[in-house]
Amino acid sequence: MQESHPTVPLLALVSFFSCLLPVLVGGIQWKRLSKDMQLLFWLLCFYLPVLTLQLLMVYYKINSLWSGQIYSLIEFIVLAIIFMRWCTNGSTRKKMRIGIYLYTLVWFIAKLTFENMVLYDTFTAPLKSFALLATGIYTLITLFGEERRLIYSDERFWVSVAVVLYNAGTLPLFALANMLLTYSLEVFAKMWTLNWTLIIISNVLYAIAFTSRGRPINEESLDNRS
């Protein structure tokens, strides 16, 4: 009897192909991108093969959760570095840098002790989401405090909104992910539609960010403070 393969929900496929949008837009806009946005571009490029691997492993009924946990750490480090570079307050920048080191240390300790690589990371993933959510909100508050005429033309605005929306929406989802695994695949898929929907929205916002420009901050001065 031929082995049946799980059916990938349509929304999951749409979220997968939506990941191509910011990569294509970023590639077209490459020469105009700041160094921070180029870093984001490479992160999104790296996400494509990771996501492809995950879909293939799910199709062949192979546990793929470990790959998501590794990518989660890389994503946090890259996004945190970008937000840190955008921060103009020296004291806050130092705290962000320390936060990156602390989270990385906590992540490795969790993997070596109580978090299972073949299950969802219901401690480090929500912790990452909370940290990025707080950092994104802080960046938005800082942006609105600047004397800007067109804040919506600023790449920092769109990236921050994408990060805030995604992490605010998925924080409780990832915290309860292992509990959701105890239900049927149909129930899990219905709950996970929130994650797929937010991925699509985030990719659209990242694409808009790649077309945006207008930061008043001098990039050279940012590089010197990094």
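These legends go with a set of close-up views of a predicted model.

**View 1. Helices H1 and H2, side by side.** Here we look at helix H1 (residues 10-18) and helix H2 (residues 20-28), whose axes sit 5 Å apart and cross at an angle of about 15°. That angle makes H1 roughly parallel to H2. On the H1 side, the contact is made by Phe16, Phe17 and Ser18, while H2 brings in Leu20, Leu21 and Pro22. Sort those contact residues by type and you get five nonpolar, one polar and no charged.

**View 2. Helix H3 and its buried residues.** Helix H3 covers residues 35-59. The buried residues of H3 are Asp36, Met37, Leu40, Phe41, Leu43, Leu44, Tyr47, Leu48, Val50, Leu51, Gln54 and Met57. When you trace that list along the helix, keep the geometry in mind: an α-helix has 3.6 residues a turn, so residues three or four places apart point the same way.

View 3. After H3 comes Lys61, with a positive phi near 60°. Lys61 has that positive phi although it is not a glycine. You'll find Lys61 in the loop between H3 and H4. Is Lys61 buried or partly exposed? With a relative accessible area of 48%, Lys61 is partly exposed, because buried means under 20% and exposed means over 50%.

**View 4. Met84 in helix H4.** Met84 is part of helix H4, and its 6% relative accessibility makes it count as buried. Which residues does Met84 touch, leaving aside those up to four places away in sequence? They are Arg93, Met96, Arg97 and Ile100. For a sense of distance, Met84 and Ser129 are 45 residues apart in sequence and 16 Å apart in space, C-alpha to C-alpha.

**View 5. Helix H6 and what covers it.** Helix H6 takes in residues 124-145. Its 22 residues should span 32 Å at 1.5 Å a residue, and the end C-alpha atoms are 31 Å apart, which agrees. Buried in H6 are Thr124, Ala125, Pro126, Lys128, Ser129, Leu132, Leu133, Thr135, Gly136, Thr139, Leu140 and Leu143. What covers these buried residues? The cover includes helix H4 (65-86), helix H5 (90-112) and helix H7 (155-175).

**View 6. Phe157 in helix H7.** Phe157 lies in helix H7 and is buried, with a relative accessible area of 9%. Leaving out residues up to four places away in sequence, Phe157 touches Leu140, Leu143, Phe144, Ile151 and Tyr152. Two of these names, Leu140 and Leu143, also turn up among the buried residues of H6.

View 7. Helix H9 (residues 185-211) has 27 residues and reaches 38 Å from its first C-alpha to its last, close to the 39 Å expected at 1.5 Å a residue. Where does H9 bend? The bend is at Trp192, by about 35°. Ala207 also lies in H9, and a relative accessible area of 7% makes Ala207 buried. Beyond residues up to four places away in sequence, Ala207 touches Leu21, Pro22 and Val25. Leu21 and Pro22 are also among the H2 residues that make the contact with H1.

**View 8. Ser212, past the end of H9.** Ser212 is in the loop between H9 and helix H10 (219-225). Is Ser212 buried or exposed? Ser212 counts as buried, at 10% relative accessibility. Again setting aside residues up to four places away in sequence, Ser212 touches Tyr152, Ser153, Asp154, Glu155 and Trp158. Tyr152 is also one of the residues that Phe157 touches. Last, a look across the chain: Ser212 and Leu33 are 179 residues apart in sequence but 8.8 Å apart in space, C-alpha to C-alpha.

Conventions. Residues numbered from 1 in each chain as written. Predicted model: local features only at pLDDT ≥ 70, side-chain atom pairs only at ≥ 80, totals over all residues. Heavy atoms only, no water. Helix = DSSP H or I, 4+ residues; strand = E, 2+ residues; numbered from the N terminus. Expected span 1.5 Å × (residues − 1). Buried < 20%, exposed > 50% of the residue type's maximum accessible area, 1.4 Å probe, protein only. Contact = heavy atoms within 4.5 Å. Axes fitted to C-alpha atoms, helices over the stretch in contact; angles between N-to-C directions. Parallel < 35°, antiparallel > 145°, perpendicular 65-115°, else oblique. Nonpolar A, V, L, I, M, F, W, Y, C, P; charged D, E, K, R; others polar. Bend = angle between axes of the 7 residues up to and from the residue.
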